[in-house]
Amino acid sequence: MCGIVGYIGHRDAYPVVVKGLKRLEYRGYDSAGVAVINEDKLKTYKKQGKVADLEEYVQGKQLESNIGMGHTRWATHGPPSDENAHPHASSNHKLAIIHNGIIENYDAIKKELTKKGHTFTSQTDTEVLIHFIEDIKLHENCSLEEAVRLALTQVVGAYAIVVMNEDEPNTLVAARKGSPLVIGVGKGEFFLASDATPIVEYTNEVVYLNDFEIAVIKDDKLSIRNTQDVPTNPYIQTLDMELEAIEKGGFEHFMLKEICEQPRSIADCMRGRLNAADGYLRLGGIREYAKKLENADRIIIIACGTSWHAGLVAEYMFEEFCRIPVEVEYASEFRYRNPVINEGDVVIAISQSGETADTLAAIELAKSKGAIIFGVCNVVGSSISRASHEGAYTHAGPEIGVASTKAFTAQLTVLSMMALRTAHNRGTISLSKYKELLVELENIPSKVEKALQLNDEIKVISEIFKDARNFLYLGRGFNFPVALEGALKLKEISYIHAEGYPAAEMKHGPIALIDEEMPVVVIATRDKSYEKIVSNIQEVRARKGRVIAVVTEGDDVIPEMAEFVIEVPAVNEVLMPLVSVVPLQLLSYHIAVMRGCNVDQPRNLAKSVTVE
Ligand code: F6R
């Protein structure tokens, strides 16, 4: 959701902060702001709109400073506006805060503060927090760090915060609970950010702050203690991220870059883990608990959005190969039920960002009931990866476009490897099938490369359908989750209403929608339900629906009946989603561009959903 950046050191802070905000703009982009201490005064500037609007607004202002912080907002409390943008200042304008998360008991605190004479200029929970810190600081006559600590012991909710004090220009105080915060450790300088992307060009030494920890950077030193005032030693880790991975590299949009990167990201995901020639398949992150997975009575998969779709594909894989029953749950529903978790159940949590609040809460709930958690995350060091007992990273590299693309195919790759490895060890897959699928998996990058060559063809189809008001996506078996994913991609970036359905379900309702204006994307690659989906296409045609079919290369049946045919390379049906999703990603991308939409930062969406 919101993105936060802080800097303290020998450089001029504003350029570092604003560049960091641009890197984080994919997290929230309805307003932005900065704070610096210039000529002994705390100065805050904030503006509704993009970081570019903020830059224009601060032109000509005196901003030189060795300390600064900035924020990109994704609105929760109060609509996007200059007033609601962060940083927020205290009553006396000496303290300022930036915040990612939600302070749930802000209303009660606000009432108390109002009684004491505090007035507020915004509708945000964050402004209440900085007034609360100020109130404690004045009454306890304590340092900023102590006031922050005392305030946080009374706060309910999630936060990553950075706080500055005009009277302590050599100090930044930061804290987290539930929302991510990374500290970059440079030579005589420190960087704070919601993720490592603003930090990587300055240093690759980072400290991931844990929940309930407060970091104080003061006089060139970093110290950490928790909200109970117990100090801990900062654990410095080396960042594994290249600068080029977070830049557009000549592409018009991050989304297109990330779609095109998939042959490499899938290969990266398998690197060192799979060697089909030797029958070698290992996931280094799953060792101690591997037997728990192999002997599981049931697997519960929890995730949201696109990651949930990857979970649906995994359900088919684990049931097919491992013969273990699988349930795929929306994390947001799972966490508020009273789910039955028995000894012998294991949980797989899937998340690109590793920070999704609902998935994190669902993990904590499952853990409290004794479940073993396997995390499948993309962001190294993320909260979900740390909350899991074991897991496997997807190694897709940073995904900046808000619509998930390469993370999805990397998730499918990891989940395929997990399912195949588990099946092999359980003895529920024949050796020949196992080896055949390892070879198939190893060949996926080249098949995805081939699918990407469909780009021009798909552009032509996009031009024809760009003004459609609705789309239907149909698939069966392994391609049913792909239909859901295709529909999600289209609606989130082009704002066209789209629905994904299992093709056979069409007769139970959606068929009523079909007329000569309805584009119906049917994923109809060769598999065991091929004949059935051919019948579904006939049913759509009989009602004059406009069929765009994704078929296996060489298909000579469907081209006779579909208006448009997109041919993807032949792949074993189990792994087909890795390839059949690619034309759907391209279709949504081109339609959105043609409609003039901001594909990388679609309205109302945030890359990392750190509030529920
Ligand atoms: C869709 C999309 C979202 C995410 C969802 C979960 O393109 O990106 O639906 O998949 O918000 O996010 P993660 O995977 O970070 O938990």
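Is glutamate 492 buried or exposed, and what is its relative accessible area? I started there. The model is predicted. Glutamate 492 has a relative accessible area of 13%. The cut-off for buried is under 20%, so I put glutamate 492 down as buried.

**Entry: around glutamate 492**

I looked up where it sits. Glutamate 492 belongs to helix H17, which covers residues 480-494. Its side chain makes a polar contact of 3.3 Å with the side chain of lysine 489. I then left out residues up to four places away in sequence. Glutamate 492 still touches Ala403, Ser404, Pro602 and Leu605.

**Entry: the ligand**

I went to the ligand next. I found 15 residues surrounding it. The closest are Ser307, Ser351, Ser353, Thr356 and Glu492. For threonine 356, a polar side-chain atom lies 2.4 Å from a ligand oxygen. For glutamate 492, a polar side-chain atom lies 2.6 Å from a ligand oxygen. Serine 404 uses a polar backbone atom, 2.9 Å from an oxygen of the ligand. I also noted the areas. The ligand taken alone exposes 400 Å², and the protein buries 90% of that.

**Entry: domains and cores**

I read the domain assignment. It gives domain 1 (3-244), domain 2 (248-442) and domain 3 (450-602). The C-alpha centres of domain 1 and domain 3 are 44 Å apart.

Which residues touch the most other members of the largest nonpolar core? I listed Ile299, Phe321, Ile348, Met418, Phe471 and Tyr473, out of 95 residues in that core. Helix H19 (residues 577-594) gives the most to this core, with ten residues. Domain 2 and domain 3 both give residues to this core, so it lies between them. Apart from it I found another core, of 30 residues, including Ala13, Leu24, Val206 and Leu239.

I followed up phenylalanine 471. Leaving aside neighbours within four places in sequence, its contacts include Phe465, Leu490, Ile496, Met518, Val521, Ile548, Leu587 and Ile591. His497 and Glu499 are also among them.

**Entry: helix H7**

What covers them? Just after H7, glycine 272 takes a positive phi of about 75°.

Methods:
Residues numbered from 1 in each chain as written. Predicted model: local features only at pLDDT ≥ 70, side-chain atom pairs only at ≥ 80, totals over all residues. Heavy atoms only, no water. Domains from an automatic or database assignment. Core = buried A, V, L, I, M, F, W, Y, C linked by side-chain atoms within 4.5 Å. Buried < 20%, exposed > 50% of the residue type's maximum accessible area, 1.4 Å probe, protein only. Helix = DSSP H or I, 4+ residues; strand = E, 2+ residues; numbered from the N terminus. Contact = heavy atoms within 4.5 Å. Near = heavy atom within 4 Å. Polar contact = N/O pair within 3.5 Å; in protein donor to acceptor, adjacent residues only side chain to side chain. Areas by Shrake-Rupley, 256 points an atom, 1.4 Å probe, with all protein chains shown as cover.
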